[in-house]
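Q: Could you walk me through how to read a few features of a protein model, starting with its aromatic rings?

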Amino acid sequence: MRALVASPAAESGIELRDVPEPEPHQDEAVVEVRAVSLNRGECSALGAAADGWRPGWDLSGVIVREAADGSGPASGTRVVGWVDGGSWAELAAVRTDHLAEIPGELGFDVASTLPVAGLTALGTLALRGSLFGSRVAITGAAGGVGRFAIQLAHRAGAHVTAIVGRPERGAGLAELGADEVVVGFEPEGPVFDLILESVGGASFAAGVSALAPEGLLVSFGNSSNEATSLDPRVLYRKGAPRIEGFFVTWLLSNGRIGSRELGYLAGLAASGELRIDVALRADWTDAAAAIRALLDRRVDGKAVLILRAD
């Protein structure tokens with residue numbers, strides 16, 4: 001079968017190669033992959049990856065071999081799923097607790113965006129508990145996670161502030177449910193009950209300063225690649241705010257999140273209650289250009305590679 005693999009010798013750093021077909025474990029089904037979603041983490045890792053490394057987390061497709069232990073969907077089922085590397089391939093072995101059936105009206109391209117970005121948005125918001133009447137701030141709001149989080153927080157009854165890096169990045173976020181769209185995160189200003197923080201550096205420090213007395217800041221990324229410096233008194237003088245980290249890969253790998261949550265998101269997307277902005281669709285033979293566009297922040301929403309049309 002063919003797969004996209006790291007190739008340091010290639011100008012783009014990635015190329016299609018023939019690789020062995022997957023050998024599934026007892027609790028894994030084999031999926032014929034139709035579409036994959038790109039995430040900054042895996043795309044950034046290509047720059048330092050060894051030759052032959054297999055990227056890819058998100059996927060959607062059709063089960064072609066059921067799990068040997070009888071768990072999970074039957075052959076022929078349309079699914080969305082997550083693997084810890086190697087999804088950018090014609091076939092992938094996927095743990096059945098990382099798979100969810102997708103309704104017939106939901107396209108493979110849209111479904112493929114749900115695992116990393118959708119589960120991160122859903123999981124970070126859940127750490128606060130009830131969001132009704134709360135004030136929620138989301139940094140990096142124009143990205144894939146941010147767009148999911150705006151809609152899910154709005155749906156839960158929160159007042160949502162979307163924070164972006166440039167004015168043009170805020171286009172369309174009000175339509176998703178953002179009550180305010182702000183350029184940059186300043187430490188002086190309103191306080192928030194929940195802050196989803198993915199930029200790091202000065203943005204993280206500003207978030208700490210903007211926490212309400214019993215607020216929660218959830219850190220799940222550092223797109224700026226900057227360290228954060230802050231006076232800890234800024235935190236504890238506020239009362240009892242908290243800072244937590246969220247790493248969706250760890251939660252998936254340890255069975256803390258998976259099929260049930262993926263199925264929930266797929267249902268919302270199929271019914272139109274969750275809008276998914278696929279800003280870039282490309283054939284997987286054009287992966288290098290799509291990856292560069294994502295890393296250059298020229299994609300407002302999600303980028304998807306199509307391996308085989310519906």
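Q: How many aromatic pairs does the structure hold?

A: Rings of Phe, Tyr and Trp (its six-membered ring) pair if their centres lie within 6.5 Å; planes under 30 degrees apart count as stacked, over 60 as edge-to-face and the rest as tilted. Here there is 1 aromatic pair. Its members are Phe185 and Phe192: the ring centres lie 6.3 Å apart and the planes meet at 70 degrees, so this pair is edge-to-face. Do keep in mind that this is a predicted model, where local features need pLDDT of at least 70 and side-chain atom pairs count only at pLDDT 80 or more, while totals for chains, interfaces and linings use all residues. Residues are numbered from 1 along each chain as its sequence is written, and side-chain values use heavy atoms, with hydrogens and water left out.

Q: Is Phe185 buried or exposed, and what about Phe192?

A: Look at relative accessible area: buried means under 20%, exposed over 50%, and partly exposed in between (1.4 Å probe, protein chains only). Phe185 has 13% relative accessibility and counts as buried. Phe192, at 4%, is buried too.

Q: Which residues does Ser203 touch?

A: A contact means heavy atoms within 4.5 Å. Leaving aside residues up to four places away in sequence, Ser203 touches Thr139, Phe185 and Glu197. Phe185 is thus a member of the aromatic pair and a contact of Ser203. Ser203 itself is buried, with a relative accessible area of 12%.

Q: Where is Ser203 found?

A: Helices (H or I, at least four residues) and strands (E, at least two) are DSSP runs, numbered from the N terminus. Ser203 belongs to helix α6, residues 201-209.

Q: Why is α6 described as largely enclosed?

A: Count its buried residues: 7 of the 9 in α6 are buried, so the rest of the structure largely encloses this helix. Those buried are Gly201, Ser203, Phe204, Ala205, Ala206, Gly207 and Val208. Their cover includes the strands β8 (135-139), β11 (192-197), β12 (211-219) and β13 (242-245), along with helix α7 (233-236).

Q: What does the secondary structure of the chain come to?

A: The chain has 10 helices and 15 strands. Its radius of gyration (over C-alpha atoms) is 19 Å, close to the 19 Å from the globule rule (2.2 Å times the number of residues to the power 0.38) for 310 residues, so the chain is as compact as a globular protein of that length. Buried residues make up 52% of the 310.
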